Amino acid sequence: MEGQIKWLKTTNKGNSILEMSQAALAHMQTALRLAKYALDHGETPVACVMVHTPTNKLIAYGMNDTNKSLTGIAHAEFMAIEQVQEVFGRKDTSIFKDITLYVTVEPCIMCASALKQLGIGSVVFGCGNERFGGNGSILSIHKDSSTSPENRHLVIPGLLRREAIMLLRYFYVRENDKAPKPRTKSTRKLDKETFPAIDWSIYLTAAEFEAYYGKDKRCSFENNTDINEDIDWKVINSSNDSLIQELDCLRNDFKMHSHKRHKR
């Protein structure tokens, strides 16, 4: 895909720790497939995967479960966090510093705060959350010094943004009888052509944008346009009935190798 990410993230010590392109896209595509699975099962199409950055292996996944559970806090990030804690326990949160979260929609303020307190390594998201976003759209929890000031993490917006937006649009033109106040949506039309601008400057400086996306994409930053305007319709329209089984296999594979390392 043209315009692949050229990530060069440096820590406070100046060490280059991320250089990813195809892998980042693949992980976000997995999150999008999971969001489509959630949509197909009557949930809000928001999903995530947590990847162990040093090994580039999937460690956990999550999707919204608010309709089925009838609770407003059953967000994708919490499901993934729970899966990580099933393996590593709740007391020791050190594993999170080695995790990159790929999530289709910017974490809400609640989830962003939880991720910061756990010490997440980095967050990559598709589209912004203009009502409740906690990583730049409304608040910048990851930069906040009042909660867990020792924890700061990288946030990269805009990866496969249009695909994330389209999944949300598919949801919002459907009837949702689990909503607190169900609304008739028969007159709503699915827009596949127009997309809102993305104000990169509320998430990244120009220098940070270039470091992550490359100088050749500087025009996207200046014009508030997407890195890639072509939509991967295969991800959006694909059937993902076997996806949960695939992801559980990947989780178990990481768990098995993790236990082997600890035994040595």
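V51 stands opposite T100 in β5, in a predicted model whose local features need pLDDT of at least 70 and whose side-chain atom pairs count only at pLDDT 80 or more, while totals for chains, interfaces and linings use all residues. Residues are numbered from 1 along each chain as its sequence is written, and side-chain values use heavy atoms, with hydrogens and water left out.

Strand β3 (residues 47–52) and β5 run antiparallel and are joined by 5 bridges, where strands are DSSP runs of E with at least two residues, helices are runs of H or I with at least four, both numbered from the N terminus, and pairing requires at least two DSSP bridges. Strand β6 (residues 122–127) runs parallel to β5, again through 5 bridges, and here V103 stands opposite F125. From β5 the chain passes through helix α4 (residues 109–118) to β6 in a right-handed β-α-β crossover, meaning that, with the strands pointing away from the viewer, the path from the first strand over the helix to the second runs clockwise.

Because 7 of the 7 residues of β5 (residues 99–105) are buried, this strand is largely enclosed by the rest of the structure; buried denotes under 20% relative accessible area, exposed over 50% and partly exposed in between, with a 1.4 Å probe and protein chains only.

The largest nonpolar core has 67 residues, of which M50 and F96 touch the most other members, and its largest share, 10 residues, comes from helix α1 (residues 22–40). Such a core is a set of buried Ala, Val, Leu, Ile, Met, Phe, Trp, Tyr and Cys residues joined through side-chain atoms within 4.5 Å. After α1 comes G42, whose phi is positive, near 80 degrees.
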